[in-house]
Amino acid sequence: MRIGQLSELTGVSRRLLRYYEEQGLIISQRCANGYRDYDEQTVDRVVQVRGLLDAGLPTRIIKQILPCLDKPRNIVFSDATPEMLTTLEAELDRMSRRIECLARNRDAIADYLGEVRAHARADVA
């Protein structure tokens, strides 16, 4: 698929997609006319990259952990610097706290909806 279609499917601008490619986060083939051509799996990869960026990870770290998201995994341990490990541990802790917060909020909303629905059913009866 061409870059415009990838942009539409992912909601990521063409400019950002070219940046992701420059950073080695996604790859494309080149058509005879020089246009980029992406395979269907790139849609998922872009979504993964967006999620990791939204979580606060820098692109240099994302590039190193992307192999962990693929099957089969191709992890290069020599790239794991102490700084990177410290950053990833901090991000993992932050994400875990965020997940716990989201779960509490989800449960509160579910409880609220349950009470409202039960009250509405009681009013109808």
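1. Let me start with a serine: Ser7 counts as buried because its relative accessibility is 15%, where buried means under 20% relative accessible area, exposed over 50% and partly exposed in between, with a 1.4 Å probe and protein chains only. Ser7 sits in helix H1; helices here are DSSP runs of H or I with at least four residues, strands are runs of E with at least two, and both are numbered from the N terminus. Not counting residues up to four places away in sequence, Ser7 touches Val12, Ser13, Arg14 and Leu17, a contact being heavy atoms within 4.5 Å.

2. A word on what you are looking at. This is a predicted model, in which local features need pLDDT of at least 70 and side-chain atom pairs count only at pLDDT 80 or more, while totals for chains, interfaces and linings use all residues. Residues are numbered from 1 along each chain as its sequence is written, and side-chain values use heavy atoms, with hydrogens and water left out.

3. Now H1 against H2. Two packed helices are described by the angle between their axes and the distance between the axes. For H1 and H2, the axes come within 9 Å and cross at roughly 105°; axes are lines fitted to C-alpha atoms, for helices over the stretch in contact, and angles run from 0 to 180 degrees between N-to-C directions. That makes H1 roughly perpendicular to H2, on a scale where under 35 degrees is roughly parallel, over 145 roughly antiparallel, 65 to 115 roughly perpendicular and the rest oblique. Ile3, Gly4, Leu6 and Ser7 of H1 meet Arg14, Leu17 and Arg18 of H2. Sorted by class, this contact has three nonpolar, two polar and two charged residues; Ala, Val, Leu, Ile, Met, Phe, Trp, Tyr, Cys and Pro count as nonpolar, Asp, Glu, Lys and Arg as charged, and the others, Gly among them, as polar.

4. Leu17 deserves a click in your viewer. It is found in helix H2 and counts as buried because its relative accessibility is 0%. Setting aside neighbours within four places in sequence, Leu17 is in contact with Ile3, Leu6, Ser7, Val12, Ile26 and Val46.

5. Next, H3 on its own. This helix covers residues 41–54, so 14 residues, and reaches 20 Å from first C-alpha to last, close to the 20 Å expected at 1.5 Å a residue; the expected span is 1.5 Å times one less than the number of residues. Its buried residues are Thr42, Val43, Arg45, Val46, Val49 and Leu52. They pack against helix H1 (3–10), helix H2 (14–22) and helix H4 (59–65). After H3 comes Gly56, whose phi is positive, near 100°.

6. How do H2 and H3 cross? Their axes come within 12 Å, at roughly 90°, and are therefore roughly perpendicular to each other. From H2, Leu16, Leu17 and Tyr20 meet Val46, Val49, Arg50 and Leu53 in H3. By class, that contact has six nonpolar, no polar and one charged residues.

7. Compare two spots on H3. Gln41 lies in this helix and counts as exposed because its relative accessibility is 61%. Gln41 and Ile26 are 15 residues apart in sequence and 9.8 Å apart in space, C-alpha to C-alpha. Val49, also placed in H3, is buried, with a relative accessible area of 0%. Beyond four places in sequence, Val49 touches Tyr20, Leu25, Ile62 and Leu66.

8. Which way to H4? Val49 and Thr59 are ten residues apart along the chain, with 8.4 Å between their C-alpha atoms. Thr59 lies in helix H4 and is buried, with a relative accessible area of 14%. Leaving aside neighbours within four places in sequence, Thr59 is in contact with Tyr19, Gln23, Leu25 and Leu53.

9. Last, the core. The largest nonpolar core has 19 residues, and Leu6, Leu17, Tyr20, Val46 and Ile62 touch the most other members; such a core is a set of buried Ala, Val, Leu, Ile, Met, Phe, Trp, Tyr and Cys residues joined through side-chain atoms within 4.5 Å. H1, H2, H3 and H4 are the elements that give it two or more residues. H3 gives the most, with four.
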